[in-house]
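Dear colleague,

I am passing a structure on to you with this email, and I would ask you to open it before reading further. My notes on it come after it.

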Amino acid sequence: MSKVYVFDHPLIQHKLTYIRDKNTGTKEFRELVDEVATLMAFEITRDMPVEDIEIETPVTKATTKVLSGKKLAIVPILRAGIGMVDGVLKLIPAAKVGHVGLYRDPETLKPVEYYVKLPADVEEREFIVVDPMLATGGSAVEAINSLKTRGAKNIKFMCLIAAPEGVEAIQQSHPDVDIYIAALDERLNDHGYIIPGLGDAGDRLFGTK
Ligand code: URA
């Protein structure tokens, strides 16, 4: 069963409040999402493997730690996921970036893949799929399917706000994928919006309607 980690760090919670506020404009919204993505990247990389190396400080020889060269990729779900990429790259600048695009079929209402581009060595890479909102979970489940179909074996899912329905959907379909969130909200409304949520993340990031 996937584990769910809620990052309740005070800085993340503080910034999330202003992200949720409807009076926060596009520029500030984008900056805050970027900052929270960086803070979440700090937490999500806590289990990254390290190895010993020998160095010399100005006063002595020492054995100290460096990251042991794990291959990472960030995969935003288009389009709102793009808002979290730069924030993660600030802490993990060597990570590759893939993309998954999905549209909702007007008849089945199910997400359908229209674009997937991933870095090489899919099987050896650790993937962090990012999307600000985990609502019904339909897109997240399908995006993870897209990665697994192409050979990905090690996947994490990271979002700002999740609804319980979305968390359950990932846990049902992808019990091997852990979920990292800044807040677990109450529920979805009849239009599929998370309550209290933040509205439409894509529109608020890009200033569209
Ligand atoms: N997508 C959003 O952007 N907002 C929601 O509340 C749900 C899905």
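Below I go through the annotated domain, a hairpin and a group of aromatic rings.

Please keep in mind throughout that this is a predicted model. An unreviewed UniProt entry carries the annotation "domain: Phosphoribosyltransferase" for residues 6-208, and over that stretch the chain is 32% helix and 32% strand, with 29 Å between the end C-alpha atoms.

Within the chain you will find strand β6 (residues 99-104) and strand β7 (residues 111-117), which pair in the antiparallel sense over 6 bridges; G101, for instance, has Y115 in β7 as its bridge partner. The two strands, β6 and β7, form a hairpin with 6 residues between them, and L109 in the turn has a positive phi of about 65 degrees.

The aromatic rings give 3 pairs in total. The pair of Y5 and Y180 counts as stacked because the ring planes are at 10 degrees, with the centres 4.9 Å apart. This pair joins distant parts of the chain, since Y5 lies in strand β1 (residues 4-6) and Y180 in strand β11 (residues 178-184), 175 residues apart. Y5 is partly exposed, with a relative accessible area of 32%, whereas Y180 is buried, at 6%.

Y180 also pairs with F7, and here the arrangement is tilted, with 5.9 Å from centre to centre and 35 degrees between the planes. F7 sits in the loop between β1 and α1, 173 residues from Y180, and F7 is buried because its relative accessibility is 9%, under the 20% cut-off.

Key:
Residues numbered from 1 in each chain as written. Predicted model: local features only at pLDDT ≥ 70, side-chain atom pairs only at ≥ 80, totals over all residues. Heavy atoms only, no water. UniProt positions renumbered as here; feature names shortened; annotations may be inferred. Helix = DSSP H or I, 4+ residues; strand = E, 2+ residues; numbered from the N terminus. Pairing = 2+ DSSP bridges. Phe/Tyr/Trp six-rings, centres within 6.5 Å; stacked < 30°, edge-to-face > 60°. Buried < 20%, exposed > 50% of the residue type's maximum accessible area, 1.4 Å probe, protein only.
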